[in-house]
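I opened my notebook to jot down what I looked up in this structure. Here are the entries, in the order I made them.

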Amino acid sequence: MVLLQNKLNLRVSQKQILTPGLVQMVSVLALNKLELREMINTEMVENPVLEELDSSVPLLDEVAGREEAQDRQDAQEIKDKESPPEADKKDPFDEIDFGSFFKDYLDPGYRNSADLEEIDRPSFENFLSKPGTLTDHLLWQLGSVTVRTAVRAAAELVIGNLNEDGYLTASEDELMGVAHEQELTGETSPAETTPDAANGQASFAESPAEPSHLELVVSHEPVPEAVAAEKRNGLAPVLQFTREDLREAIALIQQFDPVGVAARDLRECLVAQLEYLLRTRDMEGSDDPENDQVVEDALKIVDKQLHFLQNKQYKEIAKAIARPMEAVIQAHEFIRTLDPKPGLRYNKIEPKLIEPDVAFVKHGDEYLVLMNDEDLPQLRVSPTYRRMLNQDGGVERDVKSYVKERYKSAVQLIKNIEQRRQTILKVCYAIIGRQREFLDHGIDQLKPMMIKEVAEEIGVHPSTVSRAVASKYVHTSQGVFELRYFFSESVQGPEGAGTSLLILKRRVKKLIEEEDPARPLTDDQITRILQSQGIQVTRRTVAKYREDMKIPSTHQRRVKN
């Protein structure tokens, strides 16, 4: 019989452990200038040992010196001078100009030119506000119409499921099946259910804290009549809708602005816009029958022949709708003026702010790397806390321990920021040494360059180079580029070994732009042309690059007469 016994065993093993300082160094290296500035400001707030070397920001020593000097001066004045007689107290109401408050509301009679002068004040339109989204725009329209409570609940659910383009990607079964999903996950509660939920009907309980938020709940347990009556009285209203209510809500939202919103696919979106144009012209009494015919032809093409239109098969479309070729082409041009993504009018993407971290400046025959760190806070360790650590007494043990910990953290941060600067400079000088022709002549002279090669040149790990160039931009004589832009693989082949993939994509795109629209180049023809230029690529590689640049296939690019 084996008994359990406690034993001590020694085992030697090697493990890679990231210290807090190393973790911070890695994170600081991956930050760009804007992110680093925000990180430094946050650390200065949290760490009292860090101070900014700025003439406009007084240091702690200066503030302490000013306070001591002021205290001595005040004490001397009190000692040497007698207290002055108490001044007459002024009525605070005399300092308020009540006439300026009532001038716009009371008629004072005659006014001179000075009274009529207006004081410039900032307009309310100049204040910053949160930009409205498609959801806000649709909810505002929903609030301006009178509909049944069930339809309103379903409409809010539909609006919440629209994507950024304005399309309704969720099906009716998915919208109605949320209740069943919550029932399986056990997220329902008896207090949020209704008796109708026992029959499988979806119910929406509105949150009292956020009236616009609807929570879909279902349960098979009956609700007491007192709770149901309390919710009906407005304390916690329960909103119910059926599948017919959901369809009515979708039809209602499709009538909102922008036209084409809540469509299921591209065809439904374009059809809604064309039908709206026809209804508008009928109501206004259009006197341009030729233009009306173009809209009608476009509606027929989008409704039934959209798959032919994607491949520009004009002959098949003309035969299907019994219209001449010229009318089909004219209708196609009109369809191109429609908005395939109506939701983007309100779901605007904010532009990304880019500030170059470095600049490549040519000085004589050489290029210099200038770090753009002028507006970054310059940090130093506070001498006051440094003296506190050197004091033998007078400081509590816990306070001294805290200051020591903050002191080490501040020194580590300053070292990591300087290490980031040196690493970026080394990587940039390595890029200049390999991309000199690009900086002198342009993008066509860009050479392939791997991160591994630069890492071996400057003596660091490839992951360090990858973090050093991540989300950082450089200002050059050829424009502003991301540092990662200079790194690309090379094309295999005797003459193509020194050709960057970016240059190869540009050549493929240029060949397609210069082709005959009636006889576009195939991927095999593009491959043979590149091989004749000494670039050894395969047809599959060319097709991959063409798809990466979102260029249609040969069949889709062909224009049939």
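Entry one: Asp-303. I looked up its accessibility in this predicted model and got a relative accessible area of 32%, so Asp-303 is partly exposed. Next I checked for a partner, and found that its side chain meets that of Arg-267 in a salt bridge, 2.8 Å from N to O. Arg-267 sits in helix α12 (residues 266-284) and Asp-303 in helix α13 (residues 289-304), so this pair ties together parts 36 residues apart in sequence. Arg-267 is partly exposed too, at 31%.

Entry two: other salt bridges. How many salt bridges does the structure hold? I got 23. One that I followed up joins Arg-247 to Glu-172, with 3.1 Å between the closest N and O atoms. Here helix α11 (residues 243-253) holds Arg-247 and helix α8 (residues 172-176) holds Glu-172, so the pair ties together parts 75 residues apart in sequence. For Arg-247 I noted a relative accessible area of 44%, which makes it partly exposed.

I also looked at Lys-447, which forms a salt bridge with Glu-437; their closest N and O atoms are 3.8 Å apart. Lys-447 lies in the loop between α19 and α20 (451-458), while Glu-437 is in helix α19, so parts 10 residues apart in sequence are tied together. Lys-447 counts as partly exposed at 36%, and Glu-437 is partly exposed at 34%.

I counted 5 aromatic pairs. In one of them, Phe-438 and Phe-481 have ring centres 5.4 Å apart and planes at 70°; over 60 counts as edge-to-face, so that is what I wrote down for this pair. The pair links distant parts of the chain, 43 residues apart: Phe-438 is in helix α19 (residues 436-441) and Phe-481 in strand β9 (residues 479-482). Are these two buried or exposed? Phe-438 is buried at 0%, and Phe-481 counts as buried at 15%.

Tyr-485 and Phe-486 make another edge-to-face pair, 6.1 Å centre to centre with 80° between the planes. Tyr-485 is partly exposed at 24%, whereas Phe-486 is buried at 0%. Ring pairs link Phe-438, Phe-481, Tyr-485 and Phe-486 into a cluster.

Entry four: a charged patch. On the surface I found Glu-67, Glu-68, Asp-71, Asp-74 and Glu-77 gathered in a patch of negative charge. I picked out Asp-74, which is in helix α3 (residues 60-80) and counts as partly exposed at 31% relative accessibility.

Definitions and conventions:
Residues numbered from 1 in each chain as written. Heavy atoms only, no water. Patch = residues over 30% accessible without salt bridge, like charges linked within 9 Å, V, L, I, M, F, W, Y side chains within 5 Å. Areas by Shrake-Rupley, 256 points an atom, 1.4 Å probe, with all protein chains shown as cover. Lys, Arg positive; Asp, Glu negative; His and termini not counted. Charge placed at Lys NZ, Arg CZ, Asp CG, Glu CD. Helix = DSSP H or I, 4+ residues; strand = E, 2+ residues; numbered from the N terminus. Buried < 20%, exposed > 50% of the residue type's maximum accessible area, 1.4 Å probe, protein only. Phe/Tyr/Trp six-rings, centres within 6.5 Å; stacked < 30°, edge-to-face > 60°.
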